[in-house]
Amino acid sequence: MDAKVKRKPNGFEVTLSKAIYEKEAVFAAAYALSGLCGNRVEPAQAGYVKITLEFLDSCPDTDREKVEHKFLNELIDQQLRLDLEKRYGAIRRLIVQQAFAPLDDLKAEVRKIAGRD
């Protein structure tokens, strides 16, 4: 199960797998909607987390569906950001370091990052 959405009269509830979405991504996605919804994050069954989003104002049904999609897209965006940082963060940090304080042996640093040292 990737994401299970349960609609409620005043909002919706999303149950997510912790194996797919990290805590930081879940909190960042919930925070992104904090102007539209009050949010609560809590543990669910083993390996899952439940996010409850309650609309702050009355919201037409068509807008509710847009908010649900916005949350799910934001969640994917945040998780992708984390995944990219894990994969390419060392390279990004090296580029920033080289821009502000050039390294004596850039090629050696690149070999370390690539695991060829």
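Rings of Phe, Tyr and Trp (its six-membered ring) count as a pair if their centres lie within 6.5 Å; planes under 30 degrees apart are called stacked, those over 60 edge-to-face, and the rest tilted. The legends below describe a predicted model, in which local features need pLDDT of at least 70 and side-chain atom pairs count only at pLDDT 80 or more, while totals for chains, interfaces and linings use all residues. Residues are numbered from 1 along each chain as its sequence is written, and side-chain values use heavy atoms, with hydrogens and water left out.

**View 1. Phe12, Phe55 and Phe71 form one aromatic cluster.**
Two aromatic pairs are found in a search of the whole structure. In one of them, the ring centres of Phe12 and Phe55 are 6.1 Å apart and the planes stand at 50 degrees, so this pair is tilted. Phe12 belongs to strand β2 (residues 11-17) and Phe55 to strand β4, so the pair ties together parts that are 43 residues apart in sequence; helices (H or I, at least four residues) and strands (E, at least two) are DSSP runs, numbered from the N terminus. Phe12 is buried, at 1% relative accessibility. Here buried means under 20% relative accessible area, exposed means over 50%, and partly exposed lies in between (1.4 Å probe, protein chains only). Phe55 is also buried, with a relative accessible area of 12%. The rings of Phe12 and Phe71 have centres 6.4 Å apart and planes at 65 degrees, so this pair is edge-to-face. Phe71 lies in helix α2 (residues 61-100) and Phe12 in strand β2, so the pair ties together parts that are 59 residues apart in sequence.

**View 2. Strands β3 and β4 form a hairpin.**
Strand β3 (residues 37-43) and strand β4 (residues 48-55) run antiparallel and are joined by seven bridges. Two strands pair if DSSP finds at least two bridges between them. Four residues lie between the strands, and Gly47 in the turn has a positive phi of about 85 degrees. Glu42 has Lys50 as its bridge partner in β4.

**View 3. Thr52 is a buried residue of strand β4.**
The relative accessible area of Thr52 is 4%. Leaving aside residues up to four places away in sequence, Thr52 touches Phe12, Glu13, Gly38, Asn39, Arg40 and Glu42; contact means heavy atoms within 4.5 Å.

**View 4. Arg7 and Glu68 meet in a salt bridge.**
A salt bridge is a side-chain nitrogen of Lys or Arg within 4 Å of a carboxyl oxygen of Asp or Glu. Between the side chains of Arg7 and Glu68, the N to O distance is 2.8 Å. Arg7 lies in strand β1 (residues 3-8) and Glu68 in helix α2, so the pair ties together parts that are 61 residues apart in sequence. Arg7 is exposed, at 55% relative accessibility, whereas Glu68 is buried, at 7%.

**View 5. Lys8, Glu13, Arg40, Glu42 and Lys50 belong to one network of salt bridges that share partners.**
Side chains of opposite charge can pair when their charged atoms come close. Glu13 forms a salt bridge with Lys8, and their closest N and O atoms are 3.3 Å apart. Glu13 is buried, at 11% relative accessibility, whereas Lys8 is partly exposed, with a relative accessible area of 30%. A salt bridge also links the side chains of Arg40 and Glu42 (3.5 Å, N to O). Arg40 is partly exposed, with a relative accessible area of 41%, and Glu42 is partly exposed at 25%.
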